[in-house]
Amino acid sequence: NITGGTIPGGMANARTIVAGYQNENPIIQPSFDEVGVGYPIITNYGASQPYITFQDFTIDVINMPVSPAGTEGISSHCVYLGGNFNTWLRVTCLNASRDAVVAIADTGITIKDSLMRDCGRVEWSKTSTKGGGVHINWGTNILIEGNVIEGCRGGGIWLHQDVSITNVIVRNNIIRHFGTDSTWPWAGPGFRHNSGNGITFGHGNNMWAYNNLIYNTGNAADPLGDDNCFFVWGDDRGIGKNFYFYNNPC
């Protein structure tokens, strides 16, 4: 895997670029037997490595071994994106066993013009569907723009979970074929039927979603599933307020 400690940080006027060579788009296809929950192919944590752009390559994790459905063990994301002012640009993520792009960040994260396809290859929970395209746990000043997210078991873009997220823009994304219409079938008896949300806001403040296109959400083919275009929530970990949704055909 590629870890943040191996990549030097850049500066606002001189970013560090991790990319395919010139017009090439290399494919990273790992296959290893690492033990750990949520094991990413690329990990970039910490404000000590700011101003990094990852761009113009493909990660395909179809060959990575995973734990059996319903168990917490070996799983794969394409990236844990963290730190300050880091960018995920024109990158393709295929067949993540859990979420495709995960951000646990401070400020200034951008996820743009990328493709996340067929994430959620393995159902990790028996009570709720896992495996989304973009999953951000905390951070401020976040831009998610111009991406295509398709075939993911759990849905499209989630901004919620641990602590409050502030100042978010989600725009011009295409989210399709998720939940009961995803690439991956229901895990079977004892599991909740596939369900997904196009865009989820929770535990945040000042969050906008506009000019996104959401379609082929499923549900009609499986009445036991529960797919939604939008979902907002909050609980004892925090409250959500100032959420804005407009011009999002679904």
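## Aromatic pairs and a cluster

Phe-201, Phe-230, Phe-243 and Phe-245 come together as one aromatic cluster. Rings of Phe, Tyr and Trp (its six-membered ring) pair here if their centres lie within 6.5 Å; planes under 30 degrees apart count as stacked, over 60 as edge-to-face and the rest as tilted. This is a predicted model, where local features need pLDDT of at least 70 and side-chain atom pairs count only at pLDDT 80 or more, while totals for chains, interfaces and linings use all residues. Residues are numbered from 1 along each chain as its sequence is written, and side-chain values use heavy atoms, with hydrogens and water left out.

Searching the whole structure turns up 8 aromatic pairs. One of them is Phe-54 with Trp-88, a tilted pair at 5.8 Å centre to centre with 50° between the planes. Phe-54 belongs to strand S5 (residues 52–55) and Trp-88 to strand S8 (residues 87–89), so this pair ties together parts 34 residues apart in sequence. Strands (E, at least two residues) are DSSP runs, numbered from the N terminus. Both Phe-54 and Trp-88 are buried (under 20% relative accessible area, with exposed over 50% and partly exposed in between; 1.4 Å probe, protein chains only).

Then there's Tyr-210 with Tyr-246: ring centres 5.1 Å apart and planes at 5°, so the pair is stacked. Tyr-210 sits in strand S19 (residues 204–210) and Tyr-246 in strand S22 (residues 241–246), so parts 36 residues apart in sequence get tied together. Tyr-210 counts as buried because its relative accessibility is 15%, whereas Tyr-246, at 43%, is partly exposed.

## A lysine over a ring

Lys-126 lies over the face of Phe-191, 5.5 Å from the ring centre. The test for a charge over a ring is NZ of Lys or CZ of Arg within 6 Å of the ring centre and within 35 degrees of the ring normal.

## The parallel sheet

An open sheet is built from 7 strands with parallel pairing, in the order S3-S6-S9-S12-S14-S17-S20. Strands S3 (27–28) and S20 (213–215) stand at the edges with a single partner strand each, so one side of each has no neighbour in the sheet. Pairing takes at least two DSSP bridges between two strands. S14 (residues 148–150) and S17 (residues 174–176) pair in the parallel sense over 3 bridges, and Glu-150 stands opposite Arg-176 in S17.

## Around Thr-110

Thr-110 is in strand S11 (residues 110–112) and is buried, at 17% relative accessible area. Neighbours within four places in sequence aside, Thr-110 is in contact (heavy atoms within 4.5 Å) with Leu-81, Asn-86, Thr-87, Trp-88 and Leu-143.

How values were computed
Helix = DSSP H or I, 4+ residues; strand = E, 2+ residues; numbered from the N terminus.
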